[in-house]
Amino acid sequence: MPAVDKLLLEEALQDSPQTRSLLSVFEEDAGTLTDYTNQLLQAMQRVYGAQNEMCLATQQLSKQLLAYEKQNFALGKGDEEVISTLHCFSKVVDELNVLHTELAKQLADTMVLPIIQFREKDLTEVSTLKDLFGLASNDASLFSEHDLSMAKYSRLPKKKENEKAKTEVVKEVAAARRKQHLSSLQYYCALNALQYRKRVAMMEPMIGFAHGQINFFKKGAEMFSQSMNNFLSSVADMVQSIQGELEAEAEKMRVSQQELLSVDESIYAPDFDVAAPQINRNLIQKAGYLNLRNKTGLVTTTWERLYFFTQGGNLMCQPRGAVAGGLIQDLDNCSVMAVDCEDRRYCFQITTPNGKSGIILQAESRKENEEWICAINNISRQIYLTDNPEAVAIKLNQTALQAVTPITSFGKKHESSCPSQNLRNSEMENDRIVPTAELRVPKADELIAPGTPIQFDIVLPATEFLEQNRGNRRINPFGETEDETFPEAEDSLLQQMFIVRFLGSMAVKTDTTTEVIYEAMRQVLAARAIHNIFRMTESHLMVTSQTLRLIDPQTQVTRANFELTSVTQFAAHQENKRLVGFVVRTPESTGGEALSTYIFESNSEGEKICYAINLGKEIIEVQKDPEALAQLMLSIPLTNDGKYVLLNDQPDDSDGSPSENRGAESEA
């Protein structure tokens, strides 16, 4: 090893500037060594801390490997091999944790401790001796003991010498010089020794670090014997097999993804097949997203997109994030129809068996809308309770009529007219009904010409609309009646309102029999089913002793007005009690007369509407004879003011009190 620079102890007493200059070099070197030692100690402590963290990490890793078995994986099938393999790895990690703990202890004893001792012992000793040397030496920045004694000695008088004072000053100077000499020698020796000790201090910790690592790897190699190699080899084979399965599955998914993405871009549109959708009308269960209409205030609503599905006879709803769905509507015996709601497309409404309006939903396409309506119709018939629901649904939907309304049969013809109508019309002079004694039932082409167009909504001509709604007042949307438009309502002895839905109208060839009404019902409902027309316009049918008026329930605007004298036939279906129709005779510009039949579905029984119409026609007839009118009024209950006829109190009603019936119609 090369020689080490040293401070000459012989020059310590003289303390020359040259010696002081060399001493400053040694002091600078000691200061640099102190800074470096602190940095080296921080690095070694970081290594030791990392090794301690490795011990804690391996311990935590072992526990976590064992915890895999306790995890309740929803798709944990086939994890037995993984669990057993992780148990083996946990044992290996535990053994490695022991080795890491041993290594951490060795690093603390052989690497960190020596450098700490060097800093606390050697470097601290040099720093202390430096301070002592500074106090005793002839330092210009300090008033040392030697400086003070030399100042006294220099002031001794020349002429009047005092031996005793001189002797004391000389002794003081000698003691100060001896003390300075001693501190200089100790300081010089410490600085010279530091040059050797720093080399030892730098290498000894690294020797300990190297030995610790070598022992760690030796014991690790001994632990990983041939059996461990075999185990790792089998695990590697298993991983490679799983990787192969993954690659094969990834290739299948890639091909499937390409096939799915190669379709026409139009399928991403919500209503891409609106022109000719492929509709399955035999569904007995359905699922998908719909918009649910929620009423948030008196006139405000919100729409919420939710996932709906049918389960048995129930309509369920499951919001996003929910574990299970909740019941929204019992579909047994419910009715469903397309409705117009807030200028939105594809809306339909589910109505409860008692006639109350249920929920309103919106589908995203025409196909979804009609399939939901068909599915709910099938479920409402309780097809799902049969042994083979699919076959029953197919059989039922072969007849298009049964896909629209729950009517048991429309193939049968009524062999007799409505009893209430026959009873009243038999006494009328202009009776056009065929007598009940006539048994021959006319053929369909004798009643309605083949190919006669059907109108599914009431659209008034512009002139007629203006005539019926002329006036300067604004229409009150909150129930104001059109008294100025129809002044005869004030003088009418009969006023009765029914909630109806217009199904359709068509021209007919005769009005001599009610069979024409039944045939019109059959054709209108069949056409609605064939052409997928589910929307029905709800109106208020006002029956007075002069007219039949169809009134918009929201704006109170009259949609259609028929003079009661022009109504020549009216009847209700005997099987579906809510179906009612009437025939109207209107003059034509050519001088002839046209016959049209109008078909409605009512919330109440059609017989009640027929009774009201027949009563209105009777009032018209007896108004010419005051005595007959008085007798008629005595036989019919009136309101408290004696003005309007109360039809709900008639003996024919058997389904509730007047207030109950009127309330049900108002709610609908």
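Visitor: In the open sheet of seven strands, what is the order of the strands, and is the pairing parallel or antiparallel?

Guide: A caution to start: this is a predicted model. The order is S4-S3-S2-S1-S7-S6-S5, and the pairing is antiparallel. Look at the edges next. Strand S4 (326-330) stands at one edge and strand S5 (335-341) at the other. Each has a single partner strand, so one side of each is left without a neighbour in the sheet. On average, neighbouring strands are turned by 40 degrees against each other, direction ignored.

Now go to the pairing of S1 with S7. Strand S1 covers residues 287-295 and strand S7 covers residues 357-362. They pair in the antiparallel sense over two bridges. Asn 291 has its bridge partner in S7, namely Gln 362.

A helix comes next. H6 (residues 366-380) packs on the sheet. H6 touches S1, strand S2 (301-311), strand S3 (314-318), S5 and strand S6 (344-351). The direction of H6 makes about 10 degrees with that of S6.

For context, turn to the nonpolar cores. The largest has 28 residues. Among those with the most contacts inside it are Leu 541, Val 543 and Phe 582. Several elements give two or more residues to this core, including strand S9 (495-507), strand S10 (537-544) and helix H13 (606-622). H13 supplies the largest share, eight residues. A second, separate core has 27 residues, including Leu 23, Ile 115, Leu 194 and Ala 201.

How values were computed: Residues numbered from 1 in each chain as written. Predicted model: local features only at pLDDT ≥ 70, side-chain atom pairs only at ≥ 80, totals over all residues. Heavy atoms only, no water. Core = buried A, V, L, I, M, F, W, Y, C linked by side-chain atoms within 4.5 Å. Buried < 20%, exposed > 50% of the residue type's maximum accessible area, 1.4 Å probe, protein only. Helix = DSSP H or I, 4+ residues; strand = E, 2+ residues; numbered from the N terminus. Pairing = 2+ DSSP bridges. Axes fitted to C-alpha atoms, helices over the stretch in contact; angles between N-to-C directions. Contact = heavy atoms within 4.5 Å.
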